[in-house]
Amino acid sequence: MKHTQISRREFLKNIGMTGAGVLLAASPWLSAFSEAVNTSNEKCRLGVIGPGSRGRFLMSFLVQNPKVDIVALCDIYQPSIDEALKLAPKAKVYGDYRELLENNNIDAILVATPLSSHCKIVMDAFDAGKHVFCEKTIGFTMEECFRMYNKHRSTGKIFFTGQQRLFDPRYIKAMEMIHAGTFGEINAIRTFWYRNGDWRRPVPSANLERQINWRLYKEYSKGLMTELACHQLQIGSWALNKLPEKVMGHGAITYWKDGREVYDNVSCLYVFDDGVKMTFDSVISNQFYGLEEQIMGNLGTVEPEKGKYYFESIPPAPGFLQMINDWENKLFDTLPFAGTSWAPETANENKGELILGERPKSDGTSLLLEAFVEAVITRKQPARIAEEGYYASMLCLLGHQALQEEKTLYFPDEYKINYLNHQSKTSEAV
């Protein structure tokens with residue numbers, strides 16, 4: 001696959017922001033780029049733990065960055081190592097991540113292993129003095145996420161998570177518009193991610209089933225809530241600048257009855273303190289509606305993934321169409337069983353406007369990774385980026401627990417951190 005690396009200059013031009021103050025107000029984590037002019041001769045020596053399909057996807061961007069040397073690879077599955085070596089042929093290969101962490105020539109690690117193994121690897125990496133990029137969801141339990149975040153804080157090491165929408169030009173521009181009041185008061189957020197497929201990967205032999213298809217088994221994964229919802233729930237807290245108080249929902253296996261242990265469809269309802277609600281739905285037996293976040297205010301709606309927004313008030317229908325509508329209203333108004341209340345609330349035909357002039361060349365992944373590299377080189381943790389990843393993970397896990405227990409659950413006070421005003425600790429690498 002060919003991946004496009006978007007330049008910072010092109011990125012800033014795309015989102016139509018020229019003032020640093022406006023940009024950082026919407027996305028303070030972009031401060032990672034503030035020292036870029038001083039790092040042209042610096043290198044980030046990186047070790048990749050888990051170069052499977054996702055790990056190699058991230059590597060495909062990293063190898064395009066002249067400031068990155070991928071010096072080490074670690075995996076217990078040889079085919080993954082063989083494929084990763086095509087991207088980083090000079091990397092040293094390890095079968096045990098602990099041996100990789102002992103290598104003093106490694107500045108940072110990228111963790112793209114099964115969810116259940118994240119916490120142990122990340123905690124050990126921080127103890128070994130490494131900076132960390134961890135794929136979402138960061139931990140298998142809320143308690144693990146809390147420990148991982150606190151370890152980042154206590155060690156002062158850089159901590160990024162795989163929330164690429166934080167660097168997607170469409171989302172940054174949409175959030176700037178939302179926070180400026182363009183769409184009025186946000187009163188509902190609807191998110192969904194629909195696919196049609198069994199989510200399985202080919203297995204060369206039966207004994208590798210759980211190792212390769214770990215996403216389908218409770219021992220390693222929590223399914224749709226941790227693999228997909230993590231992206232979209234973060235959009236809700238980003239838009240509203242606060243966290244929901246409680247969550248309820250339902251999950252089931254209704255179509256893919258093939259021995260999997262995680263749900264093939266889920267639906268969660270998150271409620272904020274003022275009654276505003278955010279939903280997340282996912283079904284993997286129908287992909288017609290795809291994925292989207294629909295952020296609705298009293299003045300308009302924005303759909304960041306589609307890259308469009310829609311105002312509630314649109315120009316009136318053309319004269320002929322208006323005449324037909326008037327004629328139909330007069331006809332049906334004469335019938336005794338119908339009045340104006342019968343008219344269906346059908347979807348608006350508003351075609352909307354583009355957030356940006358054209359679809360960006362990247363979904364934010366390349367810039368997310370570039371920001372991580374800059375942060376490692378400068379030893380400066382960007383504001384709020386660890387917190388955004390932490391809370392996105394926590395909301396997914398709380399939602400999954402609500403599905404399992406079939407209860408309304410409240411966000412635990414003991415896991416709350418200062419979300420909006422917190423400035424992450426920065427320090428020189430140990």
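The sections below begin with the basis of the values.

## Basis

This is a predicted model, in which local features need pLDDT of at least 70 and side-chain atom pairs count only at pLDDT 80 or more, while totals for chains, interfaces and linings use all residues. Residues are numbered from 1 along each chain as its sequence is written, and side-chain values use heavy atoms, with hydrogens and water left out.

Strand 9 (residues 265-271) is largely enclosed by the rest of the structure, because 5 of its 7 residues are buried, where buried means under 20% relative accessible area with a 1.4 Å probe and protein chains only. Strands here are DSSP runs of E with at least two residues, numbered from the N terminus, and two of them pair if DSSP finds at least two bridges between them.

Strand 8 (residues 246-252) runs antiparallel to strand 9 and is joined to it by 7 bridges, with Gly249 having Cys268 of strand 9 as its bridge partner. Another 7 bridges join strand 9 to strand 10 (residues 277-283), again antiparallel, and Val271 is bridged to Lys277 in strand 10. The hairpin of strand 9 and strand 10 has 5 residues between the strands, and Gly275 in that hairpin takes a positive phi near 90°.

## Cysteines

With a disulfide taken as a pair of cysteine sulfur atoms within 2.5 Å, the count comes to 0 disulfides. For both Cys119 and Cys134 the closest cysteine sulfur is in Cys145, at 8.0 Å from Cys119 and at 8.8 Å from Cys134, too far for a bond. Cys119 is buried at 4% relative accessibility, and Cys134 is buried at 0%.

Note on methods: Buried means under 20% relative accessible area, exposed over 50%, partly exposed in between (1.4 Å probe, protein chains only). Helices (H or I, at least four residues) and strands (E, at least two) are DSSP runs, numbered from the N terminus.
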